[in-house]
Amino acid sequence: MRMAREGLMPKAIGRVQPDKDSPRLAIFACSGVAAVIAGFGSYDLLAITISAGTIVAYEIVCASVLRLRQQRPDLERPFRVPLGPVVPIAGIAALTGVFFLLPPKTLAIAASWIAVGFAVWILYARHEYRRAVEEQSAVAGNAPPN
């Protein structure tokens, strides 16, 4: 829902349904792709690839905590990470170690998906996100964040 609202998906796919407050078409499309992959993929390879994706997602969360503390120290935080930057840095280090213990085939698949994700971000989402932030800032009368 947040990605759809921030313009990180094409409007047709990311249109949020008012009754459920969710982008149904995006959910159905992702579910369909996941079903096809699950139906034709090897269970072992699928399980370990999902693990790699989860590791990368948690690494991104840890890095985001650090970056957000740097860029936006003024934000209200209902939850604070214990031990300041030590926990996110330790998380990144531990998760990176676990990631590189995965089988080489899994690393290659994970690297491919990460490359596709970055390509989508650079070619589409980055531009659209900036445009959406500028529009929201103009409506609210605020300057856009860096």
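**Entry 1: Thr106.** I looked up the neighbours of Thr106 and found that Thr106 touches Leu45, Ile48, Thr49 and Ala52, leaving aside residues up to four places away in sequence. Contact here means heavy atoms within 4.5 Å. Thr106 itself lies in helix α6. Is Thr106 buried or exposed? I noted a relative accessible area of 1%, so Thr106 is buried. My cut-offs are under 20% relative accessible area for buried, over 50% for exposed and partly exposed in between, with a 1.4 Å probe and protein chains only.

**Entry 2: what I am looking at.** This is a predicted model, in which local features need pLDDT of at least 70 and side-chain atom pairs count only at pLDDT 80 or more, while totals for chains, interfaces and linings use all residues. Residues are numbered from 1 along each chain as its sequence is written, and side-chain values use heavy atoms, with hydrogens and water left out.

**Entry 3: the whole chain.** I counted six helices and zero strands. Both are DSSP runs numbered from the N terminus: helices are H or I with at least four residues, and strands are E with at least two. Of the 146 residues in the chain, 21% are buried. I also checked contacts between residues at least 6 apart in sequence: 49% of them join residues at least 24 apart. The accessible surface comes to about 10,700 Å², and 69% of it belongs to carbon and sulfur atoms. These areas come from the Shrake-Rupley method with a 1.4 Å probe; for residues, only the protein chains shown count as cover.

**Entry 4: the largest pocket.** I found about 1,500 Å³ of space in the largest pocket. A pocket is an open set of points on a 1 Å grid over the protein atoms alone, where a 1.4 Å probe fits, with protein on both sides within 12 Å along at least five of seven lines; lining residues have an atom within 4 Å of a point. Of the 33 lining residues, Cys30, Trp113, Ile114, Val116 and Gly117 are the closest to the centre. Which elements give two or more residues to the lining? They are α3 (24-40), α4 (43-71) and α6 (104-140). With eleven residues, α6 gives the most. The lining divides into 28 nonpolar, five polar and no charged residues. Ala, Val, Leu, Ile, Met, Phe, Trp, Tyr, Cys and Pro count as nonpolar, Asp, Glu, Lys and Arg as charged, and the others, Gly among them, as polar.

**Entry 5: rings.** I searched the whole structure and got one aromatic pair. Phe99 and Phe100 form this edge-to-face pair, 5.4 Å centre to centre with 85° between the planes. Rings of Phe, Tyr and Trp (its six-membered ring) pair if their centres lie within 6.5 Å; planes under 30 degrees apart are stacked, over 60 edge-to-face and the rest tilted. Phe99 is buried at 10% relative accessibility, whereas Phe100 is exposed at 55%.

Entry 6: Leu68 sits in helix α4 and touches Pro73, Leu75 and Arg77, not counting residues up to four places away in sequence. Leu68 is partly exposed, at 40%. Ala57 is also found in helix α4, and its C-alpha is 9.9 Å from that of Leu95, 38 residues apart in sequence. In the loop between α4 and α5 (86-99) I found Leu83, which has a positive phi of about 60° although it is not a glycine. Leu83 is exposed, at 65%.

Definitions and conventions
Grid points are joined across faces, edges and corners, and a volume is the space filled by probe spheres set on the points.
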